[in-house]
Amino acid sequence: MAERFDRIWHNARLATIREDLPDLGVIEHGVIAARDGRIVFAGSRSDFPSDADTSERIDCEGRWITPGLIDCHTHLVFGGNRAHEFELRLQGASYEEIARAGGGIVSTVAATRASSEADLVAGALPRLDTLIGEGVTTVEIKSGYGLNTETEIRQLSAARAVGRDRPVSIRTTFLGAHALPPEADGDKDRYIELVCRGMLPAVAQAGLADAVDAFMEGIAFSGDQTARVFRAAKALGLPVKLHADQLSNLGGAALAAEFSALSADHLEHTDEAGAAAMVRSGTVAVLLPGAFYFIRETTKPPVDLFRAHGVNMALATDCNPGSSPLTSLLLAMNMGATLFRMNVAECLAGVTREGARALGILGETGTLVTGKWCDLAIWDIERPAELVYRIGFNPLHSRVWRGR
Ligand code: DI6
Ligand code: FE
């Protein structure tokens, strides 16, 4: 009896991003078949059963199909915006000066605390829709603009809510250790105590976090404080990630590796010992060229070192109101290539397979492989390099999330 499918896409060129194939894992004359939202076939038409029985057959007319894109590091849910701070920076103030003067993250915290969950959802949806419009099917969203239990929970439930409003997978990350709130009176240790004993257990209890993150930096938290957060996360069975070595080298990459973090993110100032530690722990390097560009950072992440050591590299927008008001993964890829000298295969893997790995969901999405969710982006392009090469042009033809 003929095998039955819900939908098949044929006459396509597949960039599978499979790990067992070189470069992009290209399959010409490709077919993808889906059943119950999952990929049940992704390969060459010559291997596809000719008597397949399907409800819907979509002719891709030679278009390219990649895995649906994954934005594995965003702060998409927040109140207000920081356009005024941008104007101040144009007059000469630095990001760190603004942060130390009570602006920066803390001003977004005030706006987020003043927002209802409905306000937060309404603010985030246009940003999410912009990502979706470029073929994104999975988005990670962090908290970290509440900095008290009530608002952190509101931010995370707004993040989960946008995922119910749109056909997209949302992964949430608790980032209570993002900045020191004004009421902490400068006492970082006491605040970290609150994160570990108050906020984190409440967030975990509510089932609102898939992972836990921290901002380890001179203007944020030390290695010791970060380690306390990580121990508390691990005790609750939650995987960790880290904003590491963005503005200075405090050994964040190595600390992340010590805790087998899913990813260490930013990494502009990471050294060789950090890269070597990351490869041992399988920690993904999430590179965020939007933040590098927007705060006019001059030290680049050591992409050559990551490549030489075999560290997996992902790319993400870091969409946030202060250091990366970016809602384009296509532009993030162009910046990854132009600013960081990543090649086309690295950029495309960075927003698909490696993004999935950085979220701990590589078994579910990120490559065109049987058994995974059928998350696809179908493109009007002649070659995959166009996705990286163009600036401000969106060649998405259509997008499929969980088989639809
Ligand atoms: N690193 C960043 O670049 C953002 N957060 C972080 O930990 C900045 C967030 C902001 O300025 O609002
Ligand atoms: Fe970030």
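Reply: A cavity is a set of grid points, taken over the protein atoms alone, where a 1.4 Å probe fits but cannot get out, and a molecule sits in a cavity if more than half of its atoms lie within 2 Å of its grid points. In this predicted model, ligand 1 sits in the largest cavity.

Me: Which residues come nearest to ligand 1?

Reply: The shell around ligand 1 has 13 residues, of which R82, Y95, Y145, H178 and S323 come nearest. Sorted by class, this shell has 4 nonpolar, 7 polar and 2 charged residues.

Me: How far is an oxygen atom of ligand 1 from a polar side-chain atom of R82, and from an N or O atom in the side chain of Y145?

Reply: A polar contact is a pair of N or O atoms within 3.5 Å. For R82, the distance from a polar side-chain atom to an oxygen atom of ligand 1 is 2.7 Å, while for Y145 an N or O atom of the side chain is 2.6 Å from an oxygen atom of the ligand. The side chain of S323 likewise has an N or O atom 2.6 Å from an oxygen atom of ligand 1. Of the 320 Å² of accessible area that ligand 1 has on its own, the protein covers 100%.

Me: Are C60 and C374 buried or exposed?

Reply: C60 is buried, with a relative accessible area of 2%, and C374 is buried as well, at 0%.

Conventions. Residues numbered from 1 in each chain as written. Chains lettered and ligands numbered in written order. Predicted model: local features only at pLDDT ≥ 70, side-chain atom pairs only at ≥ 80, totals over all residues. Heavy atoms only, no water. Near = heavy atom within 4 Å. Polar contact = N/O pair within 3.5 Å; in protein donor to acceptor, adjacent residues only side chain to side chain. Areas by Shrake-Rupley, 256 points an atom, 1.4 Å probe, with all protein chains shown as cover. 1 Å grid on protein atoms, 1.4 Å probe; cavity = no way out; pocket = protein on both sides within 12 Å on 5 of 7 lines; lining within 4 Å. Nonpolar A, V, L, I, M, F, W, Y, C, P; charged D, E, K, R; others polar. Buried < 20%, exposed > 50% of the residue type's maximum accessible area, 1.4 Å probe, protein only.
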